[in-house]
Structure formats: C-alpha cells, structure tokens
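Work through the exercises below with the sequence and the structure open. Try each task before reading its solution.

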Amino acid sequence: MKNFKYFRPKNLDELLAIKNELKEEARLLAGGSNLLVYIKEGSLKSGTLVDIGSLAALKGIREKDGYLEIGAAETIIDIMASPVVSEKLPFLRESLRVFANPLIRNISTVAGNIAEGSPIADTAPLLLVLNSEVVAASITGRRNIPIDDFFISLGKTEIKANEVIITIRIPIPETGRGKFVKLGLRKGTSCSVVSVAVWLIANGRGVEDIRIALGGVAPLPLRAVKTEALFRGKILNEHNIGELALEVTNEITPITDVRGGAAYRSEVSAALLSKAVRECLGMEE
Amino acid sequence: MSEQYRIIGKRIGGLDEKDKVLGNVIFAEDYTLPGMLHARVFRSTRASALIKRLDLTRAKALDGVVCVLSAEDVPNNESVKNVVGQTTEVGLLEATNQVLARDRVRFYGEAIALVAAENLDIAEEALELIEIEYEDLPAIFDPLEARKPGAPKIHGDNNIISAWKIRKGDIEKGFAQADVIVEKSYRTPRQEHAHIEPESGVSWIDDMGVVNIRYAAQVIEHYRDVAAVLGLPDSRVRVIGTIIGGGFGGKEDITVEIFLGLLAWKSGRPVKLTYTREEMGFARHKRPPYYLHYKTGATKDGKLTAMEAKLVSDAGAYVYLSPWILIYSTVHATGPYFIPNVKVDANSVLTNNIMTSAFRGFGGMEVAFAYESQMDELARKLTMDPLEFRKKNFLKKGDETANFQTITSEALLPEAASKALAALGGKGKGSKHKKVGRGFACSWQSYGRMTYLHDTSNAWVNLEMDGSSVVRSGIPDLGGGQRESLRAIVAEILGLKLDEVHVISTDSQVTPPAGTVTATRALYMSGNAARLAAENVRKIILDQASAMVGVAPEKLKLKSKQVYLAENQAGPENQAKKLSLVEVIKSCAAQGKIPQSLATFKAPFTEPITTDLIRDPVFADFTFGAQAAEVEVDTETGEVKLLKYSTAYDIGQAINLNRVEGQMEGGAAQGIGFGLMEDYIEEEGIPLTWNLHEYLVPTSKDLPDIETVVLESRSGKGPFGAKGIGEPAITAAAPAVINAIRDAIGVRIYHVPATAERIFRALKGKREK
Amino acid sequence: MELYEVDLMVNNRAVSARIKAETTLLDFLRENNFIEVKRGCSKGDCGACTVIIDGRPVPSCMTLALQCPGKKIYTVKSLGSWDKLHPLQQAFVDHEAVQCGFCTPGMLMTAKAFLSDQPHPSREEIREAISGNLCRCTGYQKIVDAIESVGKGGEYE
C-alpha cells in the first residue's frame, strides 16, 4: 500500500531540517517528472514528498562574481527565458532547446535532471564542459561540489542523504564557443542515445583549450580528458577533426540497450564530437 | 469534382468536432456508475511457464476486495480457435485461447486473475497479495526457429498455425525469361497501436438480468464472445460502444470486455476496468513481425516475368487474427502489378511472444515494404526510371491478380504516382554530410472483409413527422467520421441538411447490426446500408407524393423538405405541384405507410477457401495509390530527417474531403513511424519498449507537411462509387521512405524501422566494401 | 494514510478536496469532474492531460495537486462555449483538426498557451510547441494548419 506524506518547507532551514531528519525518505519534488513516474509505476511506495517547487530560497537566476547562479528550483523554461542567461551564456539557452519537450521543460529543473546520477541526463554534459559547481546544503553548512566530482557511479551522486542541491554555479566563460549535440531516436522528445557537449576556445582554427563531455556512453556522464589533450594545440581542419575525435572511443564504455548498440554508441560518439567541434569553429554547413 | 452533390464530397464539417474541442465528449474512462467497483488484472511475469500454485486467499481477505477470479471461476474459460479456411496441410488448428491462464502461461503479461475492489488502491494492493509459483518451460521467441520440428511447442504439436500459398503460371519459366532478378530478405517490426486512449469500460447487470458492457469497442459484436464465456444466451449480453479515442485495430480484438462481463456477473456490482499504459503494452496484441524473402524478375525492357515470395509472420502465443492477416499478405504479395508467374508461400508461426493481430494495414503493408523495395531495385538494375518501370506493370481494370481475381474498378496508379511525385515540388540540396534523396512507392489494399466471410451490414433510416431523419446503425465511431459519413449520405439522399439527420450507433441491442469498424469496411458496408435504407425511404415519400399530385414518381425530386416536379421546378405552373415533405409524411402516416426502412447491404459472397492454395477472389475490391518522400540522411550518424511528403490515392468518391485527407495524413504518419522508429521490442519475451518514451511514435517534429492528392474515379463499390481509405493510407509509407533513403545514400535498408543505427551500419558496410 | 486539505482554483472556480499526498493534479481534476482532462499515459509521455498552470502548459500527471494551491489552473473548458467557441477551437473545427478527439483537450491547451506567448508563429515553431502532445490520428497536418490560421488571424487574445 502506498503511504506518502507531503511537506512544503517555508524556508531553507525547514527544508534542510526535514532532509536531515528523514534523509532518503525525504523525496524532493520540484517539477516532479521522475518521482511521479516511480510512484505511478509502484517502484516507490512511501516517503515524504518535499515540495520545493515554490521555495524562494531555491529560486533566482543571477550573475554573481563571474558566475551564473541558477536556483535549484528554476525550471528549464525559466532558464531559457532568462535575460541573464541569454546575455551571459547563450550556449546554455540554445542547448536546452533539445531538452525533452516544451511541456516537460515547463516543469523540469537542472538540479532534478542531474540529481539521479543518470548517464543520459541531458544537462550533465553541459555542466561538465562549463566547469560548473553544484552547491549542496545541509544543516551543517554548504559546500561547492565541482561537477567533475559530482557523479560517482550509475545512479549515485556526491550529494549526501542529508543534503539538498540549492544552486548550480556556472563560471561565465570569457572566451570560447560551445555546442551540444544530442542523438535521440526521434526528433521530438526522446532519451539520448548519445549526447556530446563541447566548449572550444580557438584562435582561428588553432585550439587553445577544449572541454568535451559525453552522456549515454558510460555509467556516468563524463569528460573526455584524453581526447581534449589530443585536440589542444592542434590546428584543425575537417580531416584531422574526424581523426582526433576517434580518440574519444577509447575513453568511453558504452553498453548495448534497447536504444542502441555499444558499437554504434561508440562510433557515433566520435561522429557527434566531430560535428560539435566543426560547429564551434563555424565549419558546419 | 462532386458538383452534382449538395453534401457528398465537400468539406462538410464534423458531426462531433465541436463537442470534442469543447471537451464535452464522454470517453470510456469517463463513465462512472453508482456503487461501482474498480478492477485490475493479475498478469504473468513469465513468457513460458507452468503455474504450479496460485493462491488468492490473501487477496480475497483484504478489506475492500469484493471479487477475485481465476480460471476456475470462469464458466467457459477455454475456446478453440477455428479459423475459417484453415488448411489441412498443417492440421486442424489446435490453439486454445483462455480467458485466464489456468495451468500454463505462454507469454509475458498473460492474464491470470482478476480483482475487483471498492477502489483502485485496494485493487492494486490485492494484486500484490496474490501468490503464484511458476515452473519455467522451454520457450521459443524466433518464428523461424519455432517452425523447426524440435522447437518447443506452444499449442498442440505444430507451431505453424496457418499456411497459405499462391501458384500462378510457371515460376521457373518466368525467372528463365527474366534478364534481371532481384532477390532479397526483409523484416518488419512488431508495431504497437499506441492509441492515446487506454482500453477502458464499465459493466453492470440491468434490471432484466442483462450484462451491459459500455467500452471502447471497434467490434460491438464481441457481446457474443462475452456471452459464450459466461454461458449466457447472446441476448443476455449487451455491448454499448463509446466514442473511441483511437483504435487502428488495437480495440478490434478482445480487450476489457470479457473481464468486465465476468466481474459484473460474479460480483453483481457495476465494475470499471481501465488498462494502464503498461498493460496496453503487455496485454494487447501487436502487429505481427514479418520475415519476407522476395525474388522478382523482369525483362530488359521492363516487364515483370516472375515473382516468388516466402513470408513468415510471428503469431505470438495465441491465435487471434494472424492467419487472416497472412491471407492478406499472400494475396497482396505481388503488389499492384500484373505478373504472369507467381509463387507465394506464407506461414504464421506460434512463439512465446505477445500475440499478434489486427493493425491498420493488416498484412498489406508488410508486403508493400518488400515488393516496393524490390521494384525500386529492379528499376535501378534496369537503369530505368522507377515510375516508367512501374507503369509497364501496373494492374489495370480488367486485369487478373495472382489469385485469379479480376480487377473491376479503376486502378489510377500512374496518376497517383505521378501526382505524388509532383506534389513534392523542387528537390532540396544536400551538403557534405547530409544527403538528400527521393523515393516513392505504390500500393494496393483491399477494402471490405474477405468475401468468404459473407459480410453484411444493416441500417435503419426514417423520417420524423417534421421531416428530420434518424439513422440507426451499429457502426462504432473511431474518430474517422464513421457516423458522420452515414449522416452525409442520408442527408444527401433525403434532401436534408446535415443537422436534420441524427445518427444513433454502436449499441448491440438497439442499433441494427452493422459489423465491425475494421478491414476498411465501415463506409463501404454501413455506408451502402444507409444509402439503401435512405433510398427506400425516399421511394416511400415519392410514391406517396406521386399519388397525391398525380405525377410519376420518377419526375419528382426531394429537396429542402419539399417535393418538386423534377423539371422546371421554378415554373409558376408547377408551384401547385410542389408539396412540403411534412404534408407527404402526414399523408403517409394517415395511410399507415411509415417512412422508414431497415436495409441490409451484402458484400459479394464467395465460397470458403478449402485448401491452402488461394486461387479464387478473396476481396470485393481494392484501393490504389502512391506515397512519395524526400529525406535528408546524416551520413555521420545515420539520422534521417523527412523533408517533404506526399500521398495520393484514388478513393473513388470522397464523402467528406477533410476526412479523406485526415485518413491519408494520419495513415502516412503511422506508416512513417513503422518505417523509421516504431518497434515493440521483446527480449526473451520480455517487453522492453512498452511505454511511450521508449516506444516512439512520430511527434509533430518528426513529420513534415504532408501533401495530399485526392483522386476520384467513382468506380468503387461503396456509396456514390467510394472506395475505402483507412488502411490503404498506411501501406505505401514505409517503402516510400526507404526508397528515398536508398536514393540519398546509395544503401538500402532491409529491416524496418530504419533507425539511425541501422542506417549507420549499412553505410559502414558500404564503405568497407 | 494521511489526507490533506487542498483548495485549487480551476477555471476560476474554487475546488476543495481531501486527498492523498501523491494525488496528481490529473487524478484530482478527474475525480472532481474535470473529465475533459484526458488520461493517456500517466507518465508525462503523451500530453493528453495538459492543462495551463499560471500561463504555462503542463502535463497534469506530472504535478501533484498539493503543489497547485494559489495557482491558476485552466482546462479546455475554460476556452469557449457552444455558442461562442474560442478562435482556436473554431479553427480546429474549421480545419477538422480533430479525429478521435482524445488528444484534443491537451493539444488545445498547449496551443493556447503557446499562441499567447507567440501570436504569429511559423509552422516550424508550431511543430516545436506541440511536440510534447502526441496525436496518433492526424499526422498533425490539420492541427498545424489550424493553429497557424489563428496565428495569421492577428486577433488572438
């Protein structure tokens, strides 16, 4: 028999207190897209549904100290509509256009998207290439978790049972261009088969720095640091982009599931990486 | 077109659309009844197993549970499926269907027990209290393997549950005459209907002891199946259909109705049952997946000489309509082409997968994918324009099909194909990694049931005292405008406005039996029945008016509630000869001549097929058409984007032009889904893509604008010369898209859906060659 | 099992009930006779249950009823009446953008919210906007036509 409680904290202290008290049994609900599916399917039968959707402390999209700070309860649509985001990080707005569909974008949050530690969370590669930080809070204080340390294993993140994600911090890049490419099984809403994000700082076609992240090709969303190293310092052309991109297949460990085979995921990762790099360079048709 | 009609063929506006946009229409799940129980179904989590123990004790003991049923509670749990025309070569059909699994389950999701409780939460909790122990049995999931002698048997001692063949001419000689031969194997997916409305219904026992079931039914005649299970006379079960939120064949076979009947009968209380989306996946039939092997030969001047096809379909674990679907595949296997030498061998095979049965296209679209891929490749081999090549071989009126059936209506295939291609307009340019290509495909699909089934449809039409009309027909309304067509036909014939005609439909004890909304038969059959009844009523009126004014009835015309002299209607000398319809009706009534008629339309009847060899006509007629696509293929990832799309069919005569286009657009969309993304995947019998975020149907972003070209030969067997369009609209879509992909990248996809991964692999294979 | 009092504003009408914590807005609405909100999948995959909450189209199966006090919720019944259809409803009728009609209430709410934001969209923008609302009957052609015609009318809202 299902047995749920509902609690709407009035402020952050109340939220942190109940999270500290109930730990995993406190199920945070901002948009609710995943949680409500688990309840309907019966895989989740009890707990306290902690409604953070309208908690002022988790709202707000602002620029602060060179960072874009996004409250954990901000929806994808509000992030896309934010003038600050448009001005400071249009890459984020553009990339979120492929997130689920317009209805789901109206309720989903970035924090909710990454909180489950899913390898196909569409915002994960974005946050990775942007060197983002996840701000977690508990009754004992706050800590900033570099996104590189955030994902631990399949379905597991660095967030402790008594912690709550309160803010996503993204350093506003001074230079460079980004591109996010997602391969799904249809054009409308679909889970990613593979997704690739690239942030490229180039001088002409010369690579000063590059950050590459992928989703759907390992138990975690991951940075392809070896491939990045290969790209760094190279003068790029259509041909060597494709060759360099192949390196990424050595850094990933895709599996075969109903959405795609491991071999395809691997090979198409390199293709998507090439595409993303070319687009960053303005080479794509 | 359609100038001579006031209503027929125009964009006439829907009968229920206003209520639908207002949110006023009541669908099956919206009904509640006083004191109603809520039901759930306990289902197998094994694909092939013996049920060693089933213990309902704890579930029954749960507070709020009213009724828990297993196989032993079902009066007639088993029914032996005897498919008409089943061949003797594979023996009598031994498959037994069971309402609830008794000793053995044969697929994942098979129903084992039913629960009805005071509310849904309790019913769900009761499911968890049902205890079951299984002993796994050997299972088989591949129909090709399942055909082999040593394979585990699903029912009886033969997994092949139907075999059909066609033999025409001399196949060896035919291939010997060929200058080019294309021989390839193809596969098609297990497609899920994915109607947005779940299967749902309510049931109750009325004060006459009749079991009433109100549910989303494509086939209200299932009241007989419910009666058989309950051991009641047919007259004690009544099905009232609801407005249906999408069917496509998914609500054609048994879904909730028997469970609802059983639970109401056993509990004595009203019951509601709605399938979850999960159950819609696990519990309801799918389109049968096919393995197709085709060999087609042509001379160097482009004449087809021979075609050989071997078809194997996966029937799943129980026999529903897969043997019939296989007949369709066998008869349609040649495509709409005249081929002098034909050999077709087709099998449907039992496996431990989910059962397969009706889905729009019904055996016709699976073969269309193969025969149109073959035609495209033959044209390439001959370096001939694919349309010119097809034109040399299209079936024409008067030609004989491979099963020796003469085509008796127009076959406007050259027009349809040319116009579909022309509708694409100018061709887009590709780029380095994005290749643009075009393709088209032609197809044929029967409308109306197989003629050996001796199909009939009834309709009753009257005129009320004020001159308005009521139509009664059992036909369900799936949203295709089934009731609307009857209204338009009767209004046209009786000279009334649309809103002066009311249609009562889909009630097995109130409306005259009209048959199913399946097999693209609704307009053809029920439309003709309504036409006949309306013509009879018109005759009653005109005869009476004739007697009243002393003018022969042929010279009279009925329009706008007036009876006129047919010629010089406006002339002053004839004004005296004009009667109001109401006057005539009153006069009829005074003499006991009630303006009403119950009419029966009979399809052509043929003898049952008595051997596995199909050599006689099977269908009343066919609809012909073509679809064309322009695609862009990303050669780096294999992704396909549809750029342009068109569909052209000769529908004989439109009743409501908007509805014809709607069928063509929607059919194309479903066929595109089948070609590009839809696949109900099971692994070892366990469904993997049951929900709508794994089972992907086209969204608005996956489809381009769909151009429709409506041709009207007025040569069909339906009312006013109409042909059917519901199923034909889907058949040519997948091969059109696949042929376009072939044109774009030089590689053919033989296994639909053509996912990015399959295209990627095919491209890689080509590069490595 | 704990029950919670909830007061929601639906179509400008106050609706109160005692509900379970996990009651979705969809279940709440249907249990309170807003049966025009259709249940298609209960998992946010089909869009049939879309309602407008504070100006935005949302699948009501993906929101708890308890999250909605103080918000303005609108179903398709808020649009027009038999005597005066909303321009979008009229356009759906005129273009026969309706077949079975099951996706229609949700589709209309998405289109309504979308056109309020973007009164003169392109066809491509319309296809993006309704991509979370599945329709299995129409191939979307006449739906896009209908929405576009309202956008072109220039008189929207």
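**Exercise 1: a salt bridge between loops**

Arg284(B) and Glu199(B) are both buried, where buried means under 20% relative accessible area, exposed over 50% and partly exposed in between (1.4 Å probe, protein chains only). This is a predicted model, in which local features need pLDDT of at least 70, side-chain atom pairs count only at pLDDT 80 or more, and totals for chains, interfaces and linings use all residues. Residues are numbered from 1 along each chain as its sequence is written, chains are lettered from A and ligands numbered from 1 in the order in which they are written, and side-chain values use heavy atoms, with hydrogens and water left out.

Task: find how the side chains of Arg284(B) and Glu199(B) meet.

Solution. 
- Step 1. The two side chains meet in a salt bridge, 2.5 Å from N to O. The criterion is a side-chain nitrogen of Lys or Arg within 4 Å of a carboxyl oxygen of Asp or Glu.
- Step 2. Locate the partners. Arg284(B) lies in the loop between α8 (277–282) and β15 (290–298) of chain B, and Glu199(B) in the loop between β10 (180–188) and β11 (200–205), so the pair ties together parts that are 85 residues apart in sequence. Helices (H or I, at least four residues) and strands (E, at least two) are DSSP runs, numbered from the N terminus.

**Exercise 2: other salt bridges**

Solution. 
- Step 1. Arg53(B) is partly exposed at 32% relative accessible area. Asp55(B) is partly exposed too, at 22%.
- Step 2. Glu145(B) is partly exposed at 36%. Lys148(B) is also partly exposed, at 43%.
- Step 3. Look for a network. Salt bridges link Glu372(B), Asp376(B), Glu377(B), Arg380(B), Arg390(B), Arg742(B) and Arg748(B).

**Exercise 3: helix α13 of chain B**

Task: check the span of helix α13(B) and describe how α13(B) packs with α14(B).

Solution. 
- Step 1. α13(B) covers residues 482–494, which is 13 residues. The expected span is 1.5 Å times one less than the number of residues. For α13(B) that should be 18 Å; the end C-alpha atoms are 19 Å apart, which agrees.
- Step 2. Check burial. In α13(B), 13 of 13 residues are buried.
- Step 3. Look past the end. Gly495(B) follows α13(B) and has a positive phi, near 65°.
- Step 4. α13(B) packs with α14(B) (residues 522–549) at an angle of about 30°, with the axes 9 Å apart. That makes the two helices roughly parallel, a class for angles under 35 degrees. Axes are lines fitted to C-alpha atoms, for helices over the stretch in contact, and angles run from 0 to 180 degrees between N-to-C directions.

**Exercise 4: sheets**

Solution. 
- Step 1. Strands pair if DSSP finds at least two bridges between them.
- Step 2. Strand β2(B) (residues 49–55) joins β6(B) through 2 bridges. Ala49(B) stands opposite Val105(B).
- Step 3. Turn to chain A. Ala197(A) has Ala213(A) as its bridge partner. The hairpin has 2 residues between its strands, and Gly204(A) in the turn has a positive phi of about 65°.
- Step 4. In β13(A), 8 of the 10 residues are buried, so the strand is largely enclosed by the rest of the structure.

Conventions
Angles under 35 degrees count as roughly parallel, over 145 as roughly antiparallel, 65 to 115 as roughly perpendicular and the rest as oblique.
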